[in-house]
Amino acid sequence: MSIIETVLFDLDGTLADTAPDLAGALNAVLIEEDRAPLAYEAIRPVVSHGGIALIRLGFGLEPGAPDFDRLRSLLLEHYRAEIATRTRLFPGMDELLAELERRRMAWGVVTNKPAWLTQPLMTALGLSQRAATIISGDTVPENKPHPAPMHQACHDTGTAPLSCLYVGDAERDIVAGRNAGMATLVALWGYLGETDHPGDWGADGMIEEPQLVLDWLTATTTVPASNL
């Protein structure tokens with residue numbers, strides 16, 4: 001195993017618990033459209049899959065259907081207005097980031113969330129200036145599971161893929177990381193649904209909480225003495 005120099009994270013469901021604000025946005029649109037709001041527990045597993053999946057859940061519509069684009073735009077408008085009202089880093093994540101920084105290891109974000117939502121969220125969380133790279137869903141032409149966003153993160157951080165670890169809570173995260181030549185970990189604290197089988201995704205490991213990233217790094221790699 002190569003020495004890991006950079007740790008990259010998915011955003012929704014891995015770095016930050018964005019589900020409360022996204023659920024609030026979906027329910028706001030449902031109420032505006034004279035529909036009953038959904039239980040938070042029904043919305044949470046869908047959050048990692050973005051606005052399309054949320055409109056599909058709330059209204060039973062697919063892209064291209066009448067009203068789909070209008071409803072998705074309403075959803076995103078509501079979400080942008082309340083983007084960090086209840087969103088927080090997952091427990092233990094701030095400590096993990098601080099320890100990576102103490103070790104002088106770079107960290108960053110690779111998300112399919114568009115930049116006009118990613119950037120204000122990262123700023124609100126106080127992370128924009130700390131992250132070595134922030135790759136949004138429109139930074140490059142392709143989205144995860146395509147490896148192009150991962151390769152852009154490598155370029156930005158000056159890190160070879162073999163020296164990167166990617167942590168995510170969705171199958172496309174693991175596929176993207178693997179296709180890019182990175183080590184991968186499944187964030188089991190994220191937005192996994194009943195039909196998800198992370199053990200089948202081919203990740204290098206699965207972890208229950210953020211600080212276990214450090215245990216995995218210790219068990220599988222050698223950190224240069226200059227970083228300790």
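Leaving aside residues up to four places away in sequence, D21 touches Y79, E82, I83, A84, T85, R86 and T87, where contact means heavy atoms within 4.5 Å. D21 belongs to helix 1 (residues 19-32); helices here are DSSP runs of H or I with at least four residues, strands are DSSP runs of E with at least two, and both are numbered from the N terminus. D21 counts as buried because its relative accessibility is 3%; the scale calls a residue buried under 20% relative accessible area, exposed over 50% and partly exposed in between, with a 1.4 Å probe and protein chains only.

The model is predicted, so to speak of local features a pLDDT of at least 70 is needed, side-chain atom pairs count only at pLDDT 80 or more, and totals for chains, interfaces and linings use all residues. Residue numbers start from 1 along each chain as its sequence is written, and side-chain values rest on heavy atoms, with hydrogens and water left out.

Strand 6 (residues 164-168) is a mostly covered element, with five of its five residues buried. From this strand, C164, Y166 and G168 point one way, while L165 and V167 point the other way. Strand 6 runs parallel to strand 1 (residues 6-9), to which four bridges join it; two strands are taken to pair if DSSP finds at least two bridges between them. In this pairing, L8 stands opposite Y166. Strand 6 is also joined by four bridges to strand 7 (residues 183-187), again in parallel, and there A183 is the bridge partner of L165. Between strands 6 and 7 the chain passes through helix 8 (residues 171-180), giving a right-handed β-α-β crossover: with the strands pointing away from the viewer, the path from the first strand over the helix to the second runs clockwise.

What, then, of the cysteine C164 and its relative accessible area? C164 is buried, at 0%, and C154 is likewise buried, at 6% relative accessibility. The closest cysteine sulfur to that of C154 is in C164, 3.8 Å away, which is too far for a bond, since a disulfide requires a pair of cysteine sulfur atoms within 2.5 Å. By this rule the count of disulfides is zero.

Turning to helix packing, helix 5 (residues 93-102) and helix 9 (residues 212-220) meet at an angle of about 40°, their axes 9 Å apart. Helix 5 is therefore oblique to helix 9. L96, E99 and L100 of helix 5 make the contact with V213, L214 and L217 of helix 9. Axes are lines fitted to C-alpha atoms, for helices over the stretch in contact, and angles run from 0 to 180 degrees between N-to-C directions; under 35 degrees counts as roughly parallel, over 145 as roughly antiparallel, 65 to 115 as roughly perpendicular, and the rest as oblique.
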